[in-house]
Amino acid sequence: MTEYLRPEMSKGLREVSVLGLAHVGDAVFELMVRTWLCTSGTTTAKNLHSGAVSYVSAKAQSEAFQRIKPLLTEHEFDVYKRGRNAYINSVPRSSSHKEYHAATGLEALFGHLYLSGNVERLSELFEYVIDRPQGDESQQPEQD
């Protein structure tokens, strides 16, 4: 039986398209956000949804990248740049080209870390994404 939550790559990650990495990374990032919201005490559907949206938008992911950028290894930054520089057909109206490309880079990085089985590093970087400045209650999950 294949274990899809702990995949074993049958081919090298360099052979996975960067948009494939971003596709997986988008889902991994959102699952991590949703898990964090649930384990942080957010219980109503409305608060879970609005909390998730506040982290998974292109603008929020672009800002998340800025938080983790100083922590990245050279290899991780290269993966990010491959994702950021990928050709994208269209950009949603809710974000700028720059934000959307940065978000795609972040998603590619998360996809790469997940598919390589490096969940410890993934969790470490995610901790910096959700760590908000002291006193910034507007970004914390709402308690029900």
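**Helix packing in a predicted model**

Q: At what angle do the axes of H1 and H5 cross?
A: In this predicted model, the axes of H1 and H5 come within 6 Å. Their crossing angle is roughly 85°.

Q: Is H1 roughly parallel or roughly perpendicular to H5?
A: Angles of 65 to 115 degrees count as roughly perpendicular. The axes cross at roughly 85°, so H1 is, relative to H5, roughly perpendicular.

Q: How many nonpolar residues does the contact of H1 with H5 have?
A: On the H1 side the contact includes Val18, Leu21 and Phe29, and on the H5 side Leu106, Phe110 and Leu115 are among the residues. By class, four residues of the contact are polar and two are charged. The number of nonpolar residues is 13.

Q: Where around H1 do its buried residues lie?
A: Among the buried residues of H1 are Val18, Gly25, Met32 and Trp36.

Q: Which helices do the buried residues of H1 pack against?
A: The buried residues of H1 include Ala22, Val28 and Leu37. Their packing partners are H2, H3, H4, H5 and H6.

Q: Is serine 62 buried or exposed?
A: Serine 62 is placed in helix H3, residues 58–68. Buried means under 20% relative accessible area. Serine 62 has a relative accessible area of 13%, so it is buried.

Q: Which residues is serine 62 in contact with, leaving aside its neighbours within four places in sequence?
A: Serine 62 is one of the buried residues of H3, and these pack against helices including H5 (97–115). With sequence neighbours within four places left aside, the contacts of serine 62 are Glu99 and Ala102.

Technical notes. Residues numbered from 1 in each chain as written. Predicted model: local features only at pLDDT ≥ 70, side-chain atom pairs only at ≥ 80, totals over all residues. Heavy atoms only, no water. Helix = DSSP H or I, 4+ residues; strand = E, 2+ residues; numbered from the N terminus. Buried < 20%, exposed > 50% of the residue type's maximum accessible area, 1.4 Å probe, protein only. Contact = heavy atoms within 4.5 Å. Axes fitted to C-alpha atoms, helices over the stretch in contact; angles between N-to-C directions. Parallel < 35°, antiparallel > 145°, perpendicular 65-115°, else oblique. Nonpolar A, V, L, I, M, F, W, Y, C, P; charged D, E, K, R; others polar.
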